[in-house]
Amino acid sequence: MFSSTNYSDDYSKAIDLAKKLREKVFLKTQMDVVYTHFSNWEREGLLYRCDENKGKWKSLSYVEYTWVKIVESLRQFGFSYDHIRKMKHLLFDEIDVIELKKTVSSNLDYVM
């Protein structure tokens, strides 16, 4: 585990923090999530992966673990797999820069 105080208010360490949050530190077998739920969510495409390695998960990063806990909470609140997949795509898919520029320029009142 790491201390977030090492990174607070020091923007020069942002890249180091991003790397730290993507380190694989949580063993899948030791998580506080029901294993069958995790397996179902993985099979249904609900889970987020920080890396492109397509093998079986042995451990998760802080980012991946946080998303697993969000999925767990959403399911407890009754969100469907489809809704969670849509949220995952909104949060984690790459942003189209051209589309972002169009959206920002057409909504300058909200940005400025």
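Is V71 buried or exposed, and what is its relative accessible area? V71 is buried, with a relative accessible area of 0%. Buried means under 20% relative accessible area, exposed means over 50%, and partly exposed is in between, with a 1.4 Å probe and protein chains only.

This is a predicted model, in which local features need pLDDT of at least 70 and side-chain atom pairs count only at pLDDT 80 or more, while totals for chains, interfaces and linings use all residues. Residues are numbered from 1 along each chain as its sequence is written, and side-chain values use heavy atoms, with hydrogens and water left out.

## The overall layout

The protein has six helices and two strands. Read from the N terminus, the order is α-β-α-β-α-α-α-α. Both kinds of element are DSSP runs, numbered from the N terminus: helices are H or I with at least four residues, and strands are E with at least two.

The protein has 112 residues, and 23% of them are buried.

Now for contacts, meaning heavy atoms within 4.5 Å. Take those between residues at least 6 apart in sequence: 60% of them join residues at least 24 apart.

## Helices α3 and α4

Two packed helices are described by the angle between their axes and the distance between the axes. Helix α3 spans residues 62–76, and helix α4 spans residues 81–92. They pack at an angle of about 145°, with axes 10 Å apart. The axes are lines fitted to C-alpha atoms, for helices over the stretch in contact, and angles run from 0 to 180 degrees between N-to-C directions.

Which residues meet here? From α3 come W67, V71, L74 and R75. From α4 come Y81, I84, M87, K88, L91 and F92. The residues of this contact divide into eight nonpolar, no polar and two charged. Here Ala, Val, Leu, Ile, Met, Phe, Trp, Tyr, Cys and Pro count as nonpolar, Asp, Glu, Lys and Arg as charged, and the others, Gly among them, as polar.

| Residue | Class | Relative accessible area |
|---|---|---|
| W67 | buried | 2% |
| V71 | buried | 0% |
| E23 | partly exposed | 36% |

W67 sits in helix α3. Leaving out residues up to four places away in sequence, W67 touches L46, L47, Y48, I84, M87, K88, L91 and F92. W67 and K88 are 21 residues apart along the chain, and their C-alpha atoms are separated by 8.7 Å.

V71 also belongs to helix α3. Beyond its neighbours within four places in sequence, V71 contacts W41, L46, L47 and I84. V71 and L47 are 24 residues apart along the chain, with 7.8 Å between their C-alpha atoms.

E23 lies in the loop between α1 (14–21) and β1 (24–27). Setting aside neighbours within four places in sequence, E23 is in contact with L60, S61 and Y62. E23 and S59 are 36 residues apart in sequence, yet 9.2 Å apart in space, C-alpha to C-alpha.

## Helix α2

Helix α2 covers residues 35–43, and F38, S39 and W41 are buried there. Seen down the axis of α2, its buried residues fall within an arc of 165°, so they line one face of the helix. That arc is taken from the directions from the helix axis to the C-beta atoms. Their cover includes β2 (59–61), α3 and α4. Just after α2, G45 takes a positive phi of about 75°.
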